[in-house]
Amino acid sequence: MEISFRLDDKVAIVTGAGRGLGEAMAKGLAMAGAKLVITDIDYAAAQKVATDIQAQGSEALAVEVDVTNSMSVEKMVNQVLSRWERIDILVNNAGINRRGSCVDMLEEDWQAVIDVNLKGAFLCCKMIGKVMLKQQQGKIINITSLLGTVAQPNRGPYAASKGGLVQLTKVLALEWAKSGINVNGLCPGYFLTELNAALMDDKEVFAELTSRIPMGRWGQPDELLGSLLFLASDASNYITGQVLYVDGGYLCM
């Protein structure tokens, strides 16, 4: 019996893929043979990543998408189906953060984080899930967070959104378990990305967070790819409703 991590001719969508972990994951999926749909609310950023992937000899399509808008998501899905007629992999990566105490948190900041991180993932799962149900096949990977499992002060909306995403992952896994669709979460720990720039720029905070990581360092974006390819490939066909932590041992403490 041969177990393959290859994704040849699979069509993969990565949301929020214009930079950071999303960009790294999209390029990793392309290296494994997938045809990539690079979605981002910043079309120029998405196009740059798509161009990079095409330069490596893989197929890629850049699409401007607002994941909080159902019409925008539906338009993207139709565009992908028009080109490739199927969707095999969805990576829900699009996310934002607003830091501050709950008592001082503006309602609009709370809502913005919930809308992008949780509602956006729900809309993509709902609309792309319909395609996968017709195919009786698909892999959905929701990018969660350590803060979906543990808590920190001044991270109210982000922690709430990621905790909600973990539970949404489990619900969808149960709903679609008999339909050939695997729904899992991939949970990065602290990675050196643009989203964490504020934490990295504060030397005291950076040192304090690093001290909590048993490996003694933050992750590099390409260190997420092995776990991603596992969940996206046939190697994980009997795994659903799980969260895979890539955190340098953080949750062991």
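Biologist: Are helix 1 and helix 8 parallel, perpendicular or oblique to each other?
Modeller: This is a predicted model. Helix 1 (residues 20-31) and helix 8 (residues 225-232) pack with their axes 10 Å apart, at an angle of about 60 degrees. Angles of 65 to 115 degrees would count as roughly perpendicular, and those under 35 as roughly parallel. The two helices are therefore oblique.

Biologist: Which residues of helix 8 meet helix 1?
Modeller: The crossing of the two helices is right-handed. Helix 1 brings A24, M25, G28 and L29 to the contact, and these meet L225, L228, L229 and A232 of helix 8.

Biologist: How many residues of that contact are nonpolar, and how many polar?
Modeller: Gly counts as polar, while Ala, Leu and Met count as nonpolar. No charged residue takes part in the contact of helix 1 with helix 8.

Biologist: Which residue of helix 1 does D52 pair with?
Modeller: D52 lies in helix 2 (residues 43-55). D52 forms a salt bridge whose closest N and O atoms are 3.3 Å apart. The pair ties together parts that are 25 residues apart in sequence. The partner in helix 1 is K27.

Biologist: Which residues are linked with D52 in a network of salt bridges?
Modeller: At 24% relative accessibility, D52 counts as partly exposed. The salt bridge to K27 belongs to a network. The residues linked with D52 are E23, K27 and K48.

Biologist: Is R217 buried, partly exposed or exposed?
Modeller: R217 forms a salt bridge with E223, with the closest N and O atoms 2.8 Å apart. The relative accessible area of R217 is 39%. Buried needs under 20%, and exposed needs over 50%. So R217 is partly exposed.

Notes
Residues numbered from 1 in each chain as written. Predicted model: local features only at pLDDT ≥ 70, side-chain atom pairs only at ≥ 80, totals over all residues. Heavy atoms only, no water. Axes fitted to C-alpha atoms, helices over the stretch in contact; angles between N-to-C directions. Helix = DSSP H or I, 4+ residues; strand = E, 2+ residues; numbered from the N terminus. Parallel < 35°, antiparallel > 145°, perpendicular 65-115°, else oblique. Left-handed = near helix turned anticlockwise from the far one by under 90°. Contact = heavy atoms within 4.5 Å. Salt bridge = Lys/Arg side-chain N within 4 Å of Asp/Glu carboxyl O. Buried < 20%, exposed > 50% of the residue type's maximum accessible area, 1.4 Å probe, protein only.
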